[in-house]
Amino acid sequence: MTTPRDNDSPQELDLALAAKLLDAQPFSRLVGARLTAFGAGEATIEVDIRPELHQQNGFLHGGVLSYAADNALTFAGGTVLGAAVLTGGFSIQYVRPATGRTLIARAQVVHGGRRQAVVRCDLSTMDEDGTEKLCAVAQGTILPVGQG
């Protein structure tokens with residue numbers, strides 16, 4: 001995640017600019033991801049679940065869950081470290097098969113320092129009636145990108 005620069009001074013990163021950064025990722029557009037919350041150590045990414053994102057048993061593919069976790073972790077970390085960040089690594093534990101209408105990845109910074117942020121992400125699916133079910137949990141380390 002990086003921000004456009006105007007005369008070499010960084011722009012303030014808010015929900016609108018962060019959403020543009022997510023949309024600048026071709027894969028994010030492919031899966032139809034949208035950033036619905038951003039700021040104060042938190043970020044939420046949503047993806048509408050559709051048949052072409054399923055695996056062979058009719059569940060949302062684990063790669064889509066991993067994608068959503070990775071981006072939500074990074075965007076949440078960016079709220080405390082600045083826009084120039086990358087995922088240093090993350091792990092994901094699948095709790096149950098993902099089914100429903102919408103995937104929701106909610107990430108929150110657990111610890112933010114100058115050199116890294118440790119972030120947790122809960123991934124849930126929402127049914128037509130608005131009921132959410134936890135389907136995976138991820139945790140990762142977000143690192144600032146060096147300027148040079």
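Biologist: Is F75 buried or exposed?
Modeller: F75 counts as buried, at 1% relative accessibility. Please keep in mind that this is a predicted model.

Biologist: Which aromatic pair does F75 form?
Modeller: F75 pairs edge-to-face with F38, at 6.3 Å centre to centre and with 80° between the planes. F38 counts as buried too, with a relative accessibility of 16%.

Biologist: Where do F38 and F75 lie in the chain?
Modeller: F38 is in strand β3 (residues 33–39) and F75 in helix α3. The two are 37 residues apart, and the pair links distant parts of the chain.

Biologist: How many aromatic pairs are there in the whole structure?
Modeller: A search of the whole structure gives 2 aromatic pairs. One of them is formed by F27 and Y67, again edge-to-face, with 5.4 Å centre to centre and 65° between the planes.

Biologist: What does the pair of F27 and Y67 tie together?
Modeller: F27 belongs to helix α2 (residues 26–31) and Y67 to helix α3 (residues 62–81), so the pair ties together parts that are 40 residues apart in sequence. F27 is partly exposed, with a relative accessible area of 45%, whereas Y67 counts as buried at 9% relative accessibility.

Biologist: Helix α3 keeps coming up. How many residues does α3 have, and what span does α3 reach?
Modeller: Helix α3 has 20 residues. From its first C-alpha to its last, α3 reaches 28 Å, close to the 28 Å expected at 1.5 Å a residue.

Biologist: And how many of the residues of α3 are buried?
Modeller: Of its 20 residues, 15 are buried, and α3 is thus mostly covered. The helix is followed by G82, whose phi is positive, near 100°.

Biologist: Let us turn to the core. Which residues have the most contacts inside the largest nonpolar core?
Modeller: They are L65, F75, L103, C121 and L123, in a core of 41 residues. Helix α3 gives the most to this core, with 10 residues. Among the other elements that each supply at least two residues are α1 (15–23), β5 (85–94) and β8 (132–144).

Biologist: Which residues is L103 in contact with, leaving aside its neighbours within four places in sequence?
Modeller: The contacts of L103 include I45, V47, L65, A68, L123 and C135.

Biologist: You mentioned C121. Why is C121 in no disulfide?
Modeller: The sulfur of C135 is 9.5 Å from its closest cysteine sulfur, in C121, which is too far for a bond. The structure holds 0 disulfides. Both C121 and C135 count as buried, at 0% relative accessibility.

Biologist: Now the strands. How many bridges join β3 to β4?
Modeller: There are 6 bridges, and β3 and β4 run antiparallel. A33 stands opposite V47 in β4. The two strands form a hairpin with 2 residues between them, and A40 in the turn has a positive phi of about 50°.

Biologist: What about β4 and β6?
Modeller: Those strands also run antiparallel, joined by 7 bridges. The bridge partner of E46 in β6 is I104. Strand β4 is mostly covered, with 5 of its 7 residues buried.

Terms used: Residues are numbered from 1 along each chain as its sequence is written. This is a predicted model: local features need pLDDT of at least 70, side-chain atom pairs count only at pLDDT 80 or more; totals for chains, interfaces and linings use all residues. Side-chain values use heavy atoms; hydrogens and water are left out. Rings of Phe, Tyr and Trp (its six-membered ring) pair if their centres lie within 6.5 Å; planes under 30 degrees apart count as stacked, over 60 as edge-to-face and the rest as tilted. Helices (H or I, at least four residues) and strands (E, at least two) are DSSP runs, numbered from the N terminus. Buried means under 20% relative accessible area, exposed over 50%, partly exposed in between (1.4 Å probe, protein chains only). The expected span of a helix is 1.5 Å times one less than its number of residues. A nonpolar core is a set of buried Ala, Val, Leu, Ile, Met, Phe, Trp, Tyr and Cys residues joined through side-chain atoms within 4.5 Å. Contact means heavy atoms within 4.5 Å. A disulfide is a pair of cysteine sulfur atoms within 2.5 Å. Two strands pair if DSSP finds at least two bridges between them.
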